[in-house]
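Here is a quick tour of one model, from helices to cores to charged pairs. Have a look at the structure first.

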Amino acid sequence: MRARSSQPHEAIGYGRQYVDQDDVDAVAAVLLGEALTQGPAVARFEAGLVQATGAPHAVAVANGTCALQLAYHVLGVGPGRNVLTTANTFLATASAAQMCGAAVEFLDIDARTGNLDLRALEARLEQGPAPRGSTPHVVTAVHFAGLPCEMEWLIALKRRHDFLLVEDAAHALGARYRVEGKWYRVGEHPEIDATILSFHPVKHVTTGEGGAVLTHDAARAARLRRLRSHGTDPESALLPFDAEHAGPKPAWFNPLIELGFNYRLSDIQAALGASQLKKLPDFLEARREIALRYLAELRGFTLPHPGELDEHAEREHAWHLFVIRCQPAEREELMLFLRERGIHTQVHYYPVPLQPWFRERGDARAYPNAVAHARSCLSLPIFPSLSDEDQGRVIAALSEWRRARHAA
Ligand SMILES: Cc1ncc(COP(=O)(O)O)c(C=O)c1O
């Protein structure tokens, strides 16, 4: 999967998909078959997700944002039932809740990791209902960059304060963490109410666009399946209105049970996803190998890794992103310096509560750690096909920049 070298001087992005001939053949088989959508490939992909995560139910949808919106919807997020989450995340973690009619309350991050600061969460939960909203109904934990949040602590808080827990694992398919002595894959812990995944091309496995909700609750899974397909349920025994159809239910009748959406994943996408999932262990290993080399060769730039954070290594990183930090005043210059050398980096993330839409409606709270992180962070290239040579180019460019800076 990882070549030693690549085409010389091709631009290197911060993330990209890995697609091989098996993936192409899997997609071609669907394209030449009967069903491009609503066929058997989606259930096969979902079975693969169940196997890969250990979550009992997986519901595949059109993208990670739909997955969040449907997860919030089935958990009852709506007016007066608010969501509490981290300031350092992608827009959709919050906007999907707003789209359900809820308000989002943001909390600052742990400066070391970029994840939600659980001390801040604990303080907020102990304070009770916020002045402008109700007691948080849902807490959404985002495993930033692929590093799990402190899940044992978070689950203890859930037991004490009785909120619903959503795991936004868009960055973290394949990550693991330990709770009360036992290791869990993302989506596997039974006290998590919903886990969402994204299959955008920069993620661990891709379907082009795609997402999924993982849950332990069969009734929730059935409702998610209904909601992704207009709110209809072909299995329902409900009959058409007229006496002519007094029963049994005609096969053509697909009863509308509640108002829903068209958030389906197509069979074309699902076939790609199922084929990609077979490579997940190799993808994770390749990302880990790249991360370990960066950690060894970029000392002084990097965030602490799990071994440094937890004495007993309570979590296993999935390395979706490799984030470094530099001096805030130098960040734009460093980005440009790397870009001139064909290395494209990205900022993860500008704090969501400071986005114009949220700022206009915000509570004027400060997010000092999220702001400091946003000013100094830079995501370096990390993806399974990043060659040794290209990674060497990234490391050499950073060393060159550091030397030039120190010489100045
Ligand atoms: C943390 C997080 N949550 C949710 C999403 C939304 O996923 P999608 O792009 O598939 O809609 C993303 C996408 O990048 C993300 O990074």
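Helix H14 (residues 388-407) has 20 residues, and at 1.5 Å a residue it should span 28 Å; its end C-alpha atoms are 28 Å apart, so the two agree. The expected span here is 1.5 Å times one less than the number of residues, and helices (H or I, at least four residues) and strands (E, at least two) are DSSP runs numbered from the N terminus. Keep in mind that this is a predicted model, where local features need pLDDT of at least 70 and side-chain atom pairs count only at pLDDT 80 or more, while totals for chains, interfaces and linings use all residues. Residues are numbered from 1 along each chain as its sequence is written, and side-chain values use heavy atoms, leaving out hydrogens and water.

Among the buried residues of H14 are Val-394, Ile-395, Leu-398 and Trp-401 (buried means under 20% relative accessible area, exposed over 50%, partly exposed in between, with a 1.4 Å probe and protein chains only). The buried residues of H14 pack against helix H9 (280-297), strand S11 (322-325), helix H11 (331-340) and strand S12 (377-380); contact means heavy atoms within 4.5 Å.

H9 turns up again with helix H8: the buried residues of H8 pack against H1, helix H2 (41-53) and H9. Eight of the eleven residues of H8 are buried, so H8 is largely enclosed by the rest of the structure. Gln-276 sits in H8 (residues 267-277) and is buried at 1% relative accessibility. Beyond its neighbours within four places in sequence, Gln-276 touches Tyr-18, Val-19, Asp-23, Val-205, Thr-206 and Phe-283.

What about the cores? The largest nonpolar core has 45 residues, and Leu-121 is one of those touching the most other members. Apart from that core lies another, of 38 residues, including Cys-100 and Phe-358. A nonpolar core is a set of buried Ala, Val, Leu, Ile, Met, Phe, Trp, Tyr and Cys residues joined through side-chain atoms within 4.5 Å.

On to charges: the whole structure holds 28 salt bridges (a side-chain nitrogen of Lys or Arg within 4 Å of a carboxyl oxygen of Asp or Glu). Here are some of them.

| Pair | N to O distance |
|---|---|
| Arg-112 and Asp-110 | 3.1 Å |
| Glu-126 and Arg-160 | 3.5 Å |
| Glu-285 and Arg-288 | 3.7 Å |

Asp-110 is buried, at 6% relative accessible area, whereas Arg-112 is partly exposed at 37%. Glu-285 and Arg-288 both lie in H9, three residues apart, about one turn of the helix.
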